[in-house]
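Try each task before you read its solution.

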Amino acid sequence: MSAAEPLLEAADLHVWIEGSHILQGVSFSMPDRGVTALMGRNGVGKTTTVKALLGLVPRTGRVVFDGVDITTHPTYTIVSRGIGYVPEERGIFAALTVAENLRLAERHPKPRYELVHELFPELAARASQPAGTLSGGQQQMLAIGRSLLNDNKLLIVDEPTKGLAPRIVREVADAVARAAEQVPVLLVEQNLSLVRRVAGQAVVLDAGRVIHTGSALELLDDADRVRELLGVSRTVTDSSGTTAGAEGRRTA
Amino acid sequence: MSTVVLLVITGLGLGALYFLIASGLSLIFGLMDVLNFAHGAFLAIGAYGTWWAADHLPGAGPAGFGFLVAVLFGVAAGTLAATLVELCIIRPLYGRHREQILATVGLSLAVPALIQAIWGADPLTFPKPELVRGAVGVLGVNIPKDRFLLILAAVAVFVALWLFNSRTRYGLIVRAGVQDRAMVTALGIDVRKSFTLVFAIGGAAAALAGALGGLYFGVVTPTQGLSLLIFAFIVVVIGGTTSLTGCAIASITVGLIQQFANYYTVAGLGDIAVVIVLALVLLTRQGGLTAKKSAERVA
């Protein structure tokens, strides 16, 4: 793959779920470095887009990753090509221990436990604890740690700060920022302070379509565009760096 | 006292037989969400494979350890059949439960019919190896040796499945797959390989049950698998569909209840007693005896 080629390219993705046309021709590409934020109001198809990229939902269209057309590949093959995935619902195996959750994700002969335990020391301390007994923040750390275990070419992280306490949001945001220094990240996120901190490019969805692509900072600096595209009329930054929009949504 | 000892040990022997069948059924349903009505067919293949090998395979007669060779042949036949069924019939039907039921019910009828077409419908005398002929005295009671063989085999299968689940990577994948199959796939794991392996292991356990069931009953019939499968389903429901420990507890419970009820009431009431226990479990603990022990779920 040459430097000019995108790392990930989605073209005309359509997804139907139980008769509803959820994605209606999503097309975008992300570069082979930095963080690309996938944004939009609730229910516009962000998580479905991620699942479509990974083949977790039936879709039409075309997906190219690292120069290879992966449209017809099964999920496990797509992920094995070098993708770490942190789903919105975390995807933790509650009955397995923390160590077993990590061991399950090992794909390479030398998994990067040092990096994972450096970022999240609690995972080492709680190795023998059932993952289902961890707090929400600890489960999110485990989910992110699991994705960092392998030497991936891309991380897909879906709403990592959703539902977390402000103190934990900072830790998770630090981890995402640290991960982004090493590997390109496709970040689904409504926390605009995190997007501002880490993202270079922004892709905005609405009603199952891409309605904006461009610089994340330029978008966030334009209050009118933010209001128009994300439905945020005013923003308030709280002490944790997370923010609440006028409609009660976590925003900038 | 001697009657109780006799009933307990023979009940444990019957429970061991149920466990051998139900453990595979539970394993397959727990991970793959496949209600495998063809499980009895694997049992029949194991039984007839062992019976055939004992008579035809060189060195596999009832003398010495020859019967072990016959059992290995029967188990290999059942395992091969299960693997082929998974690859050719079940794999295209994942997530399509109605079609799965139709296909496996069809197999459960077709295999006995095929066996009947080859060897006839009459019961065939099963060879009794020298090692398990006769009885052993326990607290003044003579217990047939084959009951101990069944119990030993069930304990060995329980330990092997426990080690598989807790100590191997495939076991880890199985335990994770029970909880969230899609997420296992999203970690880059081809869960279908685990499915094939689990189906093969389930088939092997059923075939072993067929081989040792032949010893227990003294004969093999084409429909033996079908009738035993009913009790295996009852065991799985009572024990909880995803718990190996629950499966073992339920197998012992069903075996003991049948033996005691048949002895102290009228013959045949043991089956009804088991159905009553099943109804009580369904009414009071719909997830089975181990429903709340999710952390122990292993298969």
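**Exercise 1. The sheet of chain A**

Find out how many bridges join β1 to β2 in chain A, and in which direction the two strands run. Then place these strands in their sheet.

*Solution.* Keep in mind that this is a predicted model. Start with strand β1 (residues 8-17) of chain A: eight bridges tie this strand to β2(A), and the two run antiparallel. Next, widen the view: the pair belongs to an open sheet of four strands, in the order β2-β1-β4-β5 (chain A), with antiparallel pairing. Finally, look at the edges. β2 (20-30) and β5 (68-69) of chain A each have a single partner strand, so one side of each has no neighbour in the sheet.

**Exercise 2. Two helices of chain A**

Decide whether α6 and α7 of chain A are roughly parallel or roughly antiparallel.

*Solution.* Take the geometry first: the axes of α6 (residues 136-148) and α7 (residues 166-180) of chain A come within 10 Å and cross at roughly 5 degrees. Angles under 35 degrees count as roughly parallel, so α6(A) is roughly parallel to α7(A). Now for the residues: Gly137(A), Gln140(A), Ile144(A) and Leu148(A) in α6(A) meet Ile168(A), Val172(A), Ala175(A) and Ala179(A) in α7(A). Sorted by class, this contact has six nonpolar, two polar and no charged residues.

**Exercise 3. Two helices of chain B**

Describe how α1 and α10 of chain B pack, giving the angle and the distance between their axes.

*Solution.* Helix α1 (residues 2-32) and helix α10 (residues 244-264) of chain B pack at about 140 degrees, with their axes 7 Å apart. That makes α1(B) oblique to α10(B), and their crossing is right-handed. The contact holds 15 nonpolar, nine polar and no charged residues. Among those from α1(B) are Leu7(B), Gly11(B), Gly15(B) and Phe19(B), while α10(B) contributes residues including Ala248(B), Ser251(B), Gly255(B) and Phe260(B).

**Exercise 4. Chain B as a whole**

Work out how the radius of gyration of chain B stands against the globule rule.

*Solution.* Begin with the inventory: chain B has 11 helices and four strands. Its radius of gyration is 19 Å, close to the 19 Å that the globule rule gives for 299 residues, so chain B is as compact as a globular protein of that length. Along the principal axes, its C-alpha trace spans about 60 × 45 × 35 Å.

**Exercise 5. Where the chains meet**

How many residues does each chain bring to the contact between A and B?

*Solution.* Chain A brings 19 residues and chain B 17 residues. On the side of chain A, α2 (75-80) and α3 (98-105) each supply at least two residues. That side divides into 13 nonpolar, three polar and three charged residues.

Key
Residues are numbered from 1 along each chain as its sequence is written. Chains are lettered from A and ligands numbered from 1 in the order in which they are written. This is a predicted model: local features need pLDDT of at least 70, side-chain atom pairs count only at pLDDT 80 or more; totals for chains, interfaces and linings use all residues. Two residues are in contact if their C-beta atoms, placed from the backbone, lie within 7 Å. Ala, Val, Leu, Ile, Met, Phe, Trp, Tyr, Cys and Pro count as nonpolar, Asp, Glu, Lys and Arg as charged, and the others, Gly among them, as polar. Two strands pair if DSSP finds at least two bridges between them. Axes are lines fitted to C-alpha atoms, for helices over the stretch in contact, and angles run from 0 to 180 degrees between N-to-C directions. Angles under 35 degrees count as roughly parallel, over 145 as roughly antiparallel, 65 to 115 as roughly perpendicular and the rest as oblique. A crossing is left-handed if the near helix is turned anticlockwise from the far one by less than a right angle, and right-handed if clockwise. The radius of gyration is taken over C-alpha atoms; the globule rule is 2.2 Å times the number of residues to the power 0.38.
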